[in-house]
Amino acid sequence: MPTVLITGTSTGFGLVTTVELAERGWNVIATMRDLGKRAGLDRAVAAANVQGLVSVEQLDVTDPKSIDAAIARLDAEGRPLDAVVHNAGVAVGGAFEDLSEANIRRVMEVNYFGVLALTQKLLPGFRARRRGRILIVSSESAFAGQPANSPYCASKWAIEGWAEAVAYELAPFGIDIILIEPGAYRTNIWESSPRVLPETSAYRPLLRHLEVTVDTYVAKSARDPIEVAKAIANALDAPRPRFRTAVGPTAKFMHLARGKLPSRTVRKIFGRFFALQKVRW
């Protein structure tokens, strides 16, 4: 049976992907930064009766010692990987001018540098076996900028640029790079990520408007994350996976529009989508 390591499995896409892949016969190494948050995953794994196919381990993609320890455990146990799913991700909501350097760097460390660091440690094993799949959970945010979401958008643009470039280097070794790009789904990324809204912010009218507008949209329209889990599993199971797969109607639209619509038109579309004309400055 093939083996996959997944990051960020305590909730959201990582949790449901762990169960989906285990149900398809994958051995899953489900990792998370804080093992104290594993209860939800344990319940889901037990409910699906796939306990024998799932092991839960600690891994913080921003900590080199944690990455080295995880790789050492795999080597010691003789568990070569067939794939890795880079799912761990964070965000911060707020106007760029109001954000601290720490806020911004945290997003880039997890969403971008963490992917690079873990991948670099796994590549020797993939190369030695001349096969492997590196799947990255990106976002529709990689297609166009979004107000009050600049660090997250930047991290997804960065990881996609890296993926497009490194794909040339890894193809001769039989290693596939795969991007899965979800739209709005019911995960807790915004509940678990900070929102910066200072009382004195010059952008307060916009931020208050977006807070209501976005939360309302997510509550009404966000989709079941199992759709993303199935897209991930289908990509890992495919004989020849697509490099880029948008998941969900808004992501698919932005994927098709990318590079075809002028930036001014895209901003107008987003302006209407977020009802920015209603902001009273």
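Trainee: Which residues line the largest cavity?

Mentor: On a 1 Å grid over the protein atoms alone, a cavity is a set of points where a 1.4 Å probe fits but cannot get out, and lining residues have an atom within 4 Å of a point. Here the lining consists of H86, A88, N111, V115, I136, V137, K156 and I159. Two or more of the lining residues come from each of α4 (101–129), β5 (132–137) and α5 (150–170). Those labels are DSSP runs numbered from the N terminus: helices are H or I with at least four residues, strands E with at least two. Bear in mind that this is a predicted model, where local features need pLDDT of at least 70 and side-chain atom pairs count only at pLDDT 80 or more, while totals for chains, interfaces and linings use all residues. Residues are numbered from 1 along each chain as its sequence is written, and side-chain values use heavy atoms, leaving out hydrogens and water.

Trainee: How much space lies in the largest cavity?

Mentor: A volume is the space filled by probe spheres set on the grid points, which are joined across faces, edges and corners. For the largest cavity that gives about 30 Å³. The structure holds 1 cavity of 30 Å³ or more.

Trainee: What classes of residue make up its lining?

Mentor: Ala, Val, Leu, Ile, Met, Phe, Trp, Tyr, Cys and Pro count as nonpolar, Asp, Glu, Lys and Arg as charged, and the others, Gly among them, as polar. The lining of the largest cavity has 5 nonpolar, 2 polar and 1 charged residues.

Trainee: Which residues lie nearest the centre of the second largest pocket?

Mentor: A pocket is an open set of points with protein on both sides within 12 Å along at least five of seven lines. Nearest the centre of this one are F143, A144, G145, W157 and V266, out of 19 lining residues. Helices α5, α9 (249–257) and α10 each give two or more residues to that lining. The second largest pocket holds about 330 Å³ of space, and its lining has 10 nonpolar, 4 polar and 5 charged residues.

Trainee: Which side chain makes a polar contact with that of S66?

Mentor: A polar contact is a pair of N or O atoms within 3.5 Å; within protein, one must be able to donate a hydrogen and the other to accept it, and residues adjacent in sequence count only if both atoms are side-chain atoms. The side chain of S66 makes one of 3.1 Å with that of Q58. A polar atom of the S66 side chain also lies 2.8 Å from the backbone nitrogen of D60.

Trainee: What does V279 touch?

Mentor: Contact means heavy atoms within 4.5 Å. Not counting residues up to four places away in sequence, V279 touches P205, L206 and H209. The C-alpha atoms of V279 and P205 are 6.3 Å apart, although 74 residues separate them along the chain. V279 counts as buried because its relative accessibility is 8%.

Trainee: What do the buried residues of α7 pack against?

Mentor: They pack against α10. The buried residues of α7 are R204, L206, L207, H209, L210 and T213.

Definitions and conventions
Buried means under 20% relative accessible area, exposed over 50%, partly exposed in between (1.4 Å probe, protein chains only).
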